[in-house]
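Subject: Structure handover

Hello,

Here is the structure I promised to send. Please open it alongside this note, which goes through what turned up.

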Amino acid sequence: YWLALSLWSLAGLVAFMFATTFWSTERRLIILSLIAPLSFFNIALGQNGLLVAALFIGGLRLAKSKPIFSGILIGCLVFKPTLAILLPLALLIERCWLAILSAAATVIILSALPAVIWGPSIWQSYLQQAVPFQQQLLEHGTGLFQMMKLTSFMSMSLLGFDNNTAYQVQVIFALVALGLVASYAMRRELKGKLDGLDITIFAAATLVIIPYSHFYDMTLLTGGLLLICKECTMSNKELIFRSNMFGILWALPIMGFLLNIFNLPIAPFILLIGLFLLCHIRPQ
């Protein structure tokens with residue numbers, strides 16, 4: 001077990017570092033990847049956040065240069081599809097048609113494999129048992145596990161509101177996030193690739209939109225911030241650092257978890273503000 005866990009953790013960390021820095025020789029970026037709070041917590045908890053971030057970020061970064069491989073990476077996110085909810089839009093913005101086709105083919109193949117191996121009833125069981133269980137856990141779960149969810153739905157639940165109200169607030173947050181991304185996309189010029197700012201915006205918007213995610217899923221955001229450090233011009237860096245938003249977003253996963261514990265569940269609101277500021281940094 002310990003060997004398997006060690007290999008799993010190491011594979012996730014290596015994949016994450018490769019997706020964010022590739023073969024960068026900038027020591028500060030490598031150090032930031034290693035000391036990122038979520039690098040530690042994903043390894044400590046045996047979670048998949050590093051791997052998910054690697055697929056998400058690597059898929060978007062390679063969408064133009066290696067579209068077939070990009071589509072395979074993105075298609076592999078079918079095991080956690082909510083975190084890939086905005087990736088079709090991201091690929092459409094850059095008109096990455098081959099990457100879209102590759103991703104669709106990967107999703108079809110990976111979805112068909114369980115039915116081939118275990119029979120079609122496996123998907124019936126998933127829809128009839130697993131999905132209702134996840135909904136039950138989201139709406140009626142208790143304990144520390146709920147504190148790990150940094151979504152507007154969970155914030156409202158922790159504040160004592162009923163599920164209907166929590167869902168309504170979640171929809172409002174999601175619509176605002178979609179509006180910000182749409183506005184950014186319309187103002188954005190075709191760059192020939194999706195850069196760090198683009199990826200960070202799509203990562204932040206995804207985390208605002210979905211009602212069911214945990215603090216370790218915010219590794220998507222951590223990776224995007226690393227790319228901004230690597231790619232953006234000094235003027236754009238100054239805009240981020242002067243607003244203090246870079247540091248806040250960097251610490252938000254752990255800070256939000258602690259705020260939930262102390263019944264101050266404001267992480268989704270902070271994330272939405274961060275998304276707004278990111279969307280109004282002029283692309284380089």
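In which helix is the place of Trp-123? Trp-123 sits in helix α8. The model is a predicted one, so read everything below with that in mind.

**The nonpolar patch**

Trp-123 belongs to a nonpolar surface patch of about 1,100 Å². Other members include Ile-109, Leu-113, Trp-118, Tyr-126 and Val-131. Two elements give two or more residues to this patch: α7 (97-118) and α8 (121-140). The largest share is from α7, with six residues.

**Helix α7**

α7 has 22 residues. From first C-alpha to last it reaches 33 Å, close to the 32 Å expected at 1.5 Å a residue. Its buried residues are Ala-99, Ser-102, Ala-103, Thr-106 and Pro-114. The cover over these buried residues includes α5 (67-75), α6 and α8. Just after α7 comes Gly-119, with a positive phi of about 100°.

Most residues other than glycine have a negative phi. Two residues to look at here are Arg-95 and Asn-263. Arg-95 has a positive phi of about 55° and is not a glycine. Its place is the loop between α6 (87-93) and α7. Arg-95 is exposed, because its relative accessible area of 52% is over 50%.

Asn-263 takes a positive phi of about 60°, again without being a glycine. Asn-263 lies in the loop between α15 (245-261) and α16 (267-279). With a relative accessible area of 44%, Asn-263 is partly exposed.

**The core**

Which residues touch the most other members of the largest nonpolar core? They are Phe-56, Leu-60, Leu-271 and Leu-275, in a core of 82 residues. Helix α12 (residues 196-209) gives the largest share of this core, ten residues.

Take Leu-271. Not counting residues up to four places away in sequence, Leu-271 touches Ala-204, Leu-207, Val-208, Met-218, Leu-221, Leu-249 and Leu-252.

Now Thr-200, which is in helix α12. Thr-200 is buried, at 0% relative accessible area. Beyond four places in sequence, Thr-200 touches Leu-221, Gly-224, Leu-225, Ile-228 and Leu-278.

**Helix α13**

Helix α13 (residues 219-231) has 13 residues. It reaches 18 Å from its first C-alpha to its last, close to the 18 Å expected at 1.5 Å a residue. Why is α13 largely enclosed by the rest of the structure? Because twelve of its 13 residues are buried. Among them are Thr-219, Gly-223, Gly-224, Cys-229 and Glu-231.

**Salt bridges**

How many salt bridges does a search of the whole structure find? The search finds three.

Asp-217 forms a salt bridge with Lys-80, with the closest N and O atoms 2.7 Å apart. This pair links distant parts of the chain, 137 residues apart. Asp-217 is in the loop between α12 and α13, and Lys-80 is in the loop between α5 and α6. Asp-217 counts as buried at 3% relative accessibility. Lys-80 is buried too, because its relative accessible area of 18% is under 20%.

Glu-94 forms a salt bridge with Arg-188, and here the closest N and O atoms are 2.7 Å apart. The partners are 94 residues apart: Glu-94 is in the loop between α6 and α7, Arg-188 in the loop between α11 (163-187) and α12. Both Glu-94 and Arg-188 are buried.

Arg-188 also meets Asp-198 in a salt bridge, at 3.0 Å from N to O. Asp-198 is in helix α12, ten residues from Arg-188. Arg-188 counts as buried at 9% relative accessibility, and Asp-198 does at 0%.

**Gln-146**

One last residue. Gln-146 has its place in helix α9 (residues 144-147). Is Gln-146 buried or exposed? Gln-146 is buried, with a relative accessible area of 4%. Leaving aside neighbours within four places in sequence, Gln-146 is in contact with Leu-137, Leu-138, Gly-141 and Met-154. Gln-146 and Ala-166 are 20 residues apart in sequence and 14 Å apart in space, C-alpha to C-alpha.

Best wishes

Terms used
Residues are numbered from 1 along each chain as its sequence is written. This is a predicted model: local features need pLDDT of at least 70, side-chain atom pairs count only at pLDDT 80 or more; totals for chains, interfaces and linings use all residues. Side-chain values use heavy atoms; hydrogens and water are left out. Patches are made of residues with over 30% relative accessible area and no salt bridge: like charges are joined within 9 Å, nonpolar side chains (Val, Leu, Ile, Met, Phe, Trp, Tyr) within 5 Å. Accessible areas come from the Shrake-Rupley method with a 1.4 Å probe; for residues, only the protein chains shown count as cover. A salt bridge is a side-chain nitrogen of Lys or Arg within 4 Å of a carboxyl oxygen of Asp or Glu. Helices (H or I, at least four residues) and strands (E, at least two) are DSSP runs, numbered from the N terminus. A nonpolar core is a set of buried Ala, Val, Leu, Ile, Met, Phe, Trp, Tyr and Cys residues joined through side-chain atoms within 4.5 Å. Buried means under 20% relative accessible area, exposed over 50%, partly exposed in between (1.4 Å probe, protein chains only). Contact means heavy atoms within 4.5 Å. The expected span of a helix is 1.5 Å times one less than its number of residues.
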